[in-house]
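Subject: Structure for your review

Dear colleague,

Please find the structure below, together with its sequence.

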Amino acid sequence: MAIPKPLALSQLYKACKASEFPFRTTKECEPFNDFLGQERAREAVAMAVALPHDGYNIFAVGTSGLGKRTMIRRFLKEFAATRPAPSDWCYVNNFAEPRYPTALEFPAGVGVDVKKDMAMLWRDMSEAVIASFDSEQYFERMELLKGELSRVQQDGLSGLAAEGEKKGVKLVLRTPGGYGFSPMNPQGEVMSVEDFGKLAKKEQDRLKEVMTAMETKLRKVARGLNQAEELNRDKVRRLNDEVTSRAIDAHLDKMRQKYAAFPAFLEYLEAYEKDVIDNVDVILNAQEAQQDAVAAASTDSGIPSRYQVNLVVSNDPVKGAPVVFEDLPTHYNLMGHVEQVTYMGTVATDFTLIRGGALHRANGGFLLLEAEQVLEQPYAWQGLKRAFRSKSLKLSSLEQMLTLTGTISIEPDGIPFHVKVVLLGDRETFYLLQQFDPELGEFFKMRADFENTMPRNPENERHYASFLADFVQKENLRALDRSGVMRLVEESAREAEDQEKLSLHAASVGDLLREANYWAAQDNAKLIKDVHIKRALEGQERRHERLRRLYMEEILKGTQLFTGEGEVVGQVNGLTVVHYADAEFGMPSRISVTAHYGHGDINDIERDVDLGGALHSKGVLILSSFLKSIFGAERTLRFAANIAFEQSYGGVDGDSASLGELCGLLSAIGRIPIRQHVAVTGSMNQFGEVQPIGGVNEKIEGFFSACQLKGYEGPQLVVIPVQNVRNLMLREEVLEAVRAKKFLIHAVSSVEEAIELLMGMPAGRPDKKGNFPEGSVFRKVADRLQQWHDAEKRHDKEKDDEDEELLEEKPKEKHPVPEEVPLPKHTQRGRRLGK
């Protein structure tokens with residue numbers, strides 16, 4: 001099998017062609033950010049917002065940083081601008097049942113006018129009522145009513161007093177018992193107790209009888225006077241109602257005329273008028289009366305809370321439907337709540353303390369929420385689903401839901417619920433929610449799936465340039481010239497880990513552009529060029545290279561063992577990617593293998609000490625299966641091996657080292673040295689086919705950096721799977737070394753090709769008899785395995801011979817037991833038991 005040639009420079013980095021960018025700067029590009037590369041997601045969003053049916057809410061699924069929220073929000077705002085603005089909603093007092101406030105609906109923009117007009121109405125009415133009750137006409141009529149009552153009282157009592165005086169008793173005012181009769185002396189004054197005691201017994205009895213009879217008549221007169229007083233109070237009340245009604249009618253009529261198109265509001269005005277008339281003292285005693293707790297906390301503190309209007313939802317009629325993003329979706333922030341105030345030791349609430357939530361503000365429009373944040377907040381997800389089910393926004397108190405307290409609160413009318421909700425989340429969140437909440441599909445029927453990449457072709461490259469133009473324009477950054485755009489396109493392909501793809505991760509390219517703009521400013525450049533992009537990339541790598549530099553220092557000091565030259569049996573330079581927080585870089589990792597006589601077991605040391613993941617263990621088992629299929633198809637292999645990643649202390653996972661481990665195993669068995677200037681990465685299957693791996697750019701660059709650090713002059717060589725060639729977008733320093741033929745990269749499709757590159761001899765193919773050719777790796781491995789097999793046969797033969805010799809030996813003579821000698825009792829017992 002021929003050794004594959006080193007990859008050409010054009011295969012290691014796909015550069016842009018200047019001819020495919022027909023502009024000099026992004027100022028000449030039309031800004032574009034309409035779901036770049038996300039046609040599937042755009043179709044889903046467009047369909048969802050157009051469908052008026054229930055349940056067609058959107059779950060936008062994609063990796064964080066793709067710009068899901070930005071794209072959807074921009075689309076929704078454009079769509080919402082074409083839709084009519086939804087209604088305003090106010091809460092007003094339910095005078096008949098204050099615990100159940102009434103919700104009133106008005107067209108967009110009218111709610112603000114209603115609130116202002118009702119506040120003005122109260123002030124105008126108050127002034128008119130106070131003026132009416134301070135008028136001379138009102139005082140005259142009140143005096144007439146007082147005089148009428150006084151005359152009735154005087155007429156009723158004067159006749160009774162005259163009758164009593166004729167009989168010798170006088171009508172007197174007692175405190176607090178009211179009027180009563182007492183004995184009267186000849187001078188017409190009340191007789192003292194001493195004088196009354198000096199009277200004859202008969203006279204005393206007569207006066208007592210007279211007083212009893214007169215007090216009976218007095219009670220009858222008092223009942224009549226009480227009725228007169230009640231009648232007089234009714235007249236005063238009717239007078240007050242008449243005066244109040246006359247004072248407020250004109251103002252209320254203006255409100256009725258202005259809002260004649262709203263029957264529910266007119267009905268409220270009727271109840272409002274009746275309550276004002278019944279409670280006119282609230283106006284008349286406003287200066288002396290103590291404010292209630294809620295009114296004291298209200299912004300309209302000059303108006304009693306029972307007459308205020310609470311505008312919960314207010315929409316601009318010009319701006320169309322609302323588009324709301326709630327960044328803290330707690331239950332209260334979503335569903336709204338009723339506040340409470342503490343005033344002078346009391347806790348109180350009413351309809352003026354109703355506060356709308358994000359669902360109220362977005363009602364009739366669109367609401368964007370981060371799925372993970374909604375799920376983190378207690379009862380927020382349940383509240384959202386309850387609104388979907390009931391199609392109504394009803395306020396509920398978490399305190400009442402979660403505790404057993406008997407606190408009395410209000411229960412406002414529900415508001416009809418018409419909101420398109422967009423949940424934003426990654427795929428893991430979506431799948432978990434789909435698995436554990438079967439109602440997800442009922443309420444979020446539309447899934448907008450956002451891709452991480454898009455195909456790299458001339459058309460999409462130009463679209464990407466328009467996206468960059470849009471970004472720098474929004475962020476007020478310098479424009480890019482053609483070289484800067486080309487460099488960003490190439491960097492996008494590197495981030496996508498595919499020469500034929502472009503990354504759609506908007507957050508990372510945004511950060512890169514801002515930093516490149518900084519470097520352009522340092523150079524006093526008018527445009528962002530490729531050199532500024534390069535400096536920004538170098539700056540990012542420098543800021544994140546602390547951990548990588550520590551690893552490299554360990555290699556330089558020799559603490560981390562690494563050899564890039566010479567040949568060693570059973571030792572392979574594998575490649576790995578280190579992930580730690582936001583740091584990610586490639587490093588060489590030494591794989592060591594030892595082999596000895598055994599029973600076909602391959603011992604994965606990483607797995608045995610719980611440092612190896614399941615994927616790594618799977619890779620070891622696969623290479624074991626391949627080895628046995630080649631050399632142990634007809635007999636059991638008599639060897640054992642141990643595989644380890646040297647100096648790995650933090651765990652190993654993935655199967656990308658299985659190709660290198662196989663080469664190390666063959667080297668250890670066949671005692672064939674492996675070239676240390678060659679590093680290898682790749683997965684394999686049971687048939688010896690090489691499979692692709694991840695992080696190929698980082699792995700190659702990590703090996704290159706280690707070789708540079710150790711001062712090896714080359715050429716060094718890296719073996720990768722052929723499928724990973726399209727993933728190569730290597731840094732400039734690696735390309736320069738390849739250009740100088742100091743660094744080579746080979747792509748292999750089978751383990752045989754990798755074996756020849758690492759060991760310098762062909763792997764070997766068996767002939768018809770199953771024998772491998774001389775001078776091949778497989779022949780040397782087969783010979784060594786045969787030696788172990790023969791050794792085992794010799795060992796088995798020697799053991800069999802020893803066993804035969806033992807069998808051929810004569811047994812020693814046993815002395816017979818004389819018949820006359822009696823057997824021991826226990827022996828006899830044993831014989832009897834045996835019978």
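How many aromatic pairs does a search of the whole structure find? The search returns 34 aromatic pairs. Please bear in mind that this is a predicted model.

A pair of aromatic rings is described by the distance of the centres and the angle of the planes. For Tyr-464 and Phe-467, the ring centres are 5.7 Å apart and the planes meet at 55°, so this pair is tilted. Helix H18, which covers residues 458-474, holds both Tyr-464 and Phe-467. The two residues are three positions apart there, about one turn of the helix. Both Tyr-464 and Phe-467 are buried.

The second example is the pair of Phe-562 and Tyr-712, which is tilted, with 6.3 Å from centre to centre and 55° between the planes. Here the partners come from distant parts of the chain, 150 residues apart. Phe-562 is in the loop between helix H22 (546-557) and strand E19 (567-569), whereas Tyr-712 is in the loop between helix H26 (696-710) and strand E28 (716-721). Phe-562 and Tyr-712 are both buried.

Aromatic residues also form a cluster made up of Phe-95, Phe-106, Trp-122, Tyr-259, Phe-262, Phe-265, Tyr-268, Tyr-272 and Tyr-307. One of its members, Tyr-259, is in contact with Asp-117. Asp-117 belongs to helix H4 (residues 110-133). With a relative accessible area of 18%, under the 20% limit, Asp-117 counts as buried. Beyond its neighbours within four places in sequence, the contacts of Asp-117 are Met-255, Lys-258 and Tyr-259.

Turning to the chain as a whole, 30 helices and 29 strands are found. Its radius of gyration is 50 Å, well over the 28 Å that the globule rule gives for 835 residues, so the chain is more spread out than a compact globule. The C-alpha trace spans about 165 × 120 × 50 Å along its principal axes. Of the 835 residues, 46% count as buried. Among contacts with a separation of 6 or more, 76% are between residues 24 or more positions apart.

Is Val-678 buried or exposed? Val-678 is buried, with a relative accessible area of 1%. This residue is in strand E25 (residues 678-680). Leaving out residues up to four places away in sequence, Val-678 touches Asn-573, Phe-703, Leu-717, Val-719, Leu-757 and Leu-758. From Val-678 to Ala-371, the separation is 307 residues in sequence and 48 Å in space, C-alpha to C-alpha.

The other residue is Ser-624, located in helix H24 (residues 614-631). Ser-624 is buried, its relative accessible area being 11%. Ser-624 and Gln-686 are 62 residues apart in sequence, and their C-alpha atoms are 8.5 Å apart in space.

Yours sincerely

Technical notes
Residues are numbered from 1 along each chain as its sequence is written. This is a predicted model: local features need pLDDT of at least 70, side-chain atom pairs count only at pLDDT 80 or more; totals for chains, interfaces and linings use all residues. Side-chain values use heavy atoms; hydrogens and water are left out. Helices (H or I, at least four residues) and strands (E, at least two) are DSSP runs, numbered from the N terminus. The radius of gyration is taken over C-alpha atoms; the globule rule is 2.2 Å times the number of residues to the power 0.38. Buried means under 20% relative accessible area, exposed over 50%, partly exposed in between (1.4 Å probe, protein chains only). Contact means heavy atoms within 4.5 Å. Rings of Phe, Tyr and Trp (its six-membered ring) pair if their centres lie within 6.5 Å; planes under 30 degrees apart count as stacked, over 60 as edge-to-face and the rest as tilted.
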